[in-house]
Structure formats: structure tokens, C-alpha cells
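Take a look at the model below.

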Amino acid sequence: MTVSATHTVGDLESSAKNRNVVLDIRNLKVYYATPTGNVRAVDDVSFQVYESEIIGLVGESGCGKTTTAMAILRLVQPPGRITGGQILLDGTDLASLHGQALRDVRWNQMALIPQGAMNSLNPVMKINRQIADAIEAHEGRQPAKELKERIINLLATVGLPSRVYGMYPHELSGGMKQRACIAMAIALHPSLVIADEPTSALDVVVQRVVGETLLDVKERLGVSMIVIGHDMGLMAQLVDRLAVMYAGRMVEIAPVETVFHEPLHPYTQLLIESIPSIKQRKPLKLTEGLTHDLRNPPPGCIFQLRCPHVTDICREVNPPLRELRSRHFVACHLYE
Ligand SMILES: Nc1ncnc2c1ncn2[C@@H]1O[C@H](COP(=O)(O)OP(=O)(O)OP(=O)(O)O)[C@@H](O)[C@H]1O
Ligand SMILES: [Mg+2]
């Protein structure tokens, strides 16, 4: 393997020269305090999101994806706490914002479609009122006619017919509810939308429709997105770059085609190999091995207990995320 250059992510990605960074996460740490010790849910994670790009955040259940999203919006609840790092949105460190200033940034500059969002729509409120509430909470009372027009336009942007305006959530299918949540998230024209598992609990066809809606919204409005998920098929369809987390750490970030065709981290390789294929049936490799306790990570590499290539250095030194090739970041001793 030829390795061209190495830089650390903290130095800012070299490929960022010609593109604007919307979100810059540096050495983020989020711990949950428990009676038996701190759960290191996000442990020294750094990555950037560029203007008008969709970055996919993948990794197995419990690896810290939702915690990362909540930390970006400064919505981590106790016993969770951001214990370190910086979150820069359009150059402003969110840690320096409090109260109203922070609330203004949420929704106006970035919006979250939370995990299970479609189930958190208010069942006794029509869709138009719920979207109107989101708008008026930030912009104050709006003239009725303009507000209605704006909501119908928003619904159209996510591919929903105008009749949805007067409907209750129970009158909508899962995919329609999820698209209503996307409409709500983009209501105030944020520059960043974070969607946490926007397609789980939907059938495969509807998953694709919701995926296409997100893509369409990105192209039309030029927003940047972080899409969290497990569905690698959806990621292949939707995202520009893929960021792979394992046990609270970022292990690989690269353009999505690179991750699919040339995954470098052994965990990413297992993840790609485990994508089911009817042509080539094989055992599910990811069931091998066990994740360690997040309260007590081993010294060295986070993946050592499951890694087929583990060596002595992996047990001692935590490999930093380095740019091994242009735009391809990997945290693994194999490539040193
Ligand atoms: N309130 C809490 N107290 C203690 N530990 C927590 C708490 N909330 C989350 N965790 C732990 O933090 C880790 C990360 O959780 P998180 O919800 O971010 O994972 P995730 O990657 O979003 O998983 P999933 O794919 O299942 O949604 C997990 O190991 C979880 O057990
Ligand atoms: Mg989650």
C-alpha cells in the first residue's frame, strides 16, 4: 500500500482549501457519569462538515452517534456532559453561547431531526400548527396568509401535497410523517440539518423516498447535513462522505465511494463485508468478538479486542486519525 501524506484532522483537512467549513468539531468528548464510572460515549472525536455536503455517520448501536448529534446542538442531558473539545459553527464556538443566543442558533442555523422524530409529532395537533409553532417560536407571530403559503411551500419542498397542511399525524403514513419532520427542520433555513436515523422503522421503498427527499432538500436549499444511520444502502445513495465511529471514537472518514471500494480500517472492512448479498451468502462477521466496556476502554486502539490484525502497538498506543491519502482519514496502526 502506498501512503502519500499524513496530517492530523486537528490541523484542518488539507482538502478543505477550496471549500467552506460549516461545522468544525475538534476533540469532542462527551461522558455520562454513572455510579460505576464515566461512560466515554464520545471520546476525542474530530471532523468537519463542508458547505452543501451530506456526511453520513455510521457505526454500531451504542457507538456514540446520537450523543455526537446532541452535543453539536448542546442538548446533552445529565448525567451526560461535554467534557472537552470545541464545536465551531460558521466559526462561532457554540460552547461560548448560552440562553437565548444558543436557542437562536438552534433551528435558525442548525436543526435536528431526532431519532424517532416521527413518533414525537403531537398527535392532537394538525401538521400546519406544529410547523407554525416552530416558525413562530423563533420569528414571532406571522400574518396568517403568508404563514399558510410558507408552510404549503415547505410541504412541497419535501414532496408532500398541500392537503397534508390540514391533516393530523395519524392520517399520514410513516414516510409522510418523516417528511413532515424534515419540513419542520428546514422551516427556518438552517445551514446545517442533523437527521438521526431518519429512515429506521420505514419499509425499504419509503426509506428510499425519504432519502431522495433529503437529497432534494440539500440540492435545492444548499444546506449541509449529517445523516446518522445503519443502512449502508441508503448511505451509498445519499451521502458525499462517510464517517465511521466505533466505541466512541472516529475510526475512518472518506468519500463514500472510497469507503465502499477501499475501506482501510479493519472495523470498516467488517462493516462493508457484512452488507448482505444474496449472490454471495456468508456468515455475519460482525457477531465475532465483543466490545469492551465504555467505562473502561483499554489503553491503545479501541478496536483491538475484535481486530483480526491486532499487534503489540495496538494494545499500547491509540492510533490518531490521520489523512493517509487525499480526503481519506484512518485511525489504524496498520498503515504506519
Ligand atoms: N443517560 C445515559 N447514561 C449512561 N450512559 C448512556 C446514557 N445515554 C447513552 N449512554 C451510553 O452512551 C453510549 C452512546 O449512546 P448513543 O445513544 O450515542 O449511541 P448510538 O450510536 O446513537 O446508538 P443507536 O445506534 O442504538 O442509536 C452508549 O454506550 C450508551 O449506553
Ligand atoms: Mg442513536
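Which residue follows α6, and is its phi positive or negative? The residue is Gly-222, and its phi is positive, near 70°. Before going further, note that this is a predicted model: local features need pLDDT of at least 70, side-chain atom pairs count only at pLDDT 80 or more, and totals for chains, interfaces and linings use all residues. Residues are numbered from 1 along each chain as its sequence is written, while chains are lettered from A and ligands numbered from 1 in the order in which they are written.

Start with helix α6 itself, residues 204-221. Helices are DSSP runs of H or I with at least four residues, strands are runs of E with at least two, and both are numbered from the N terminus. The expected span of a helix is 1.5 Å times one less than its number of residues. The 18 residues of α6 should therefore span 26 Å, and the end C-alpha atoms are 26 Å apart, which agrees.

Now look at its faces. Gln-207, Val-210, Gly-211, Thr-213, Leu-214, Val-217 and Lys-218 of α6 are buried. They lie on the same side of α6 because they cover an arc of only 155° around the axis. That arc is taken from the directions from the helix axis to the C-beta atoms. On the other side, Val-205, Glu-219 and Arg-220 are exposed. Buried means 20 or more other C-beta atoms within 10 Å of the residue's own, exposed means 12 or fewer, and partly exposed is in between, with C-beta atoms placed from the backbone.

What do the buried residues of α6 pack against? Their partners are the strands β3 (54-58), β7 (192-196) and β8 (224-228), and the helices α4 (144-157), α5 (174-185) and α7 (232-238). Contact here means C-beta atoms, placed from the backbone, within 7 Å.

Step back to the domains. The assignment gives domain 1 (9-109 + 190-282) and domain 2 (119-189); such bounds come from an automatic or database domain assignment. Their centres, taken over C-alpha atoms, are 25 Å apart. Domain 1 puts 16 residues into the contact, and domain 2 puts in 14. On the domain 1 side, α6 supplies the largest share, 8 residues.

Finish at ligand 1. It is surrounded by 15 residues, and the closest are Tyr-32, Ala-41, Ser-61, Thr-66 and Thr-67. A residue counts as near if its C-beta atom, placed from the backbone, lies within 6 Å of the molecule. Helix α1 gives the most to this shell, with 3 residues.

Terms used:
Two residues are in contact if their C-beta atoms, placed from the backbone, lie within 7 Å.
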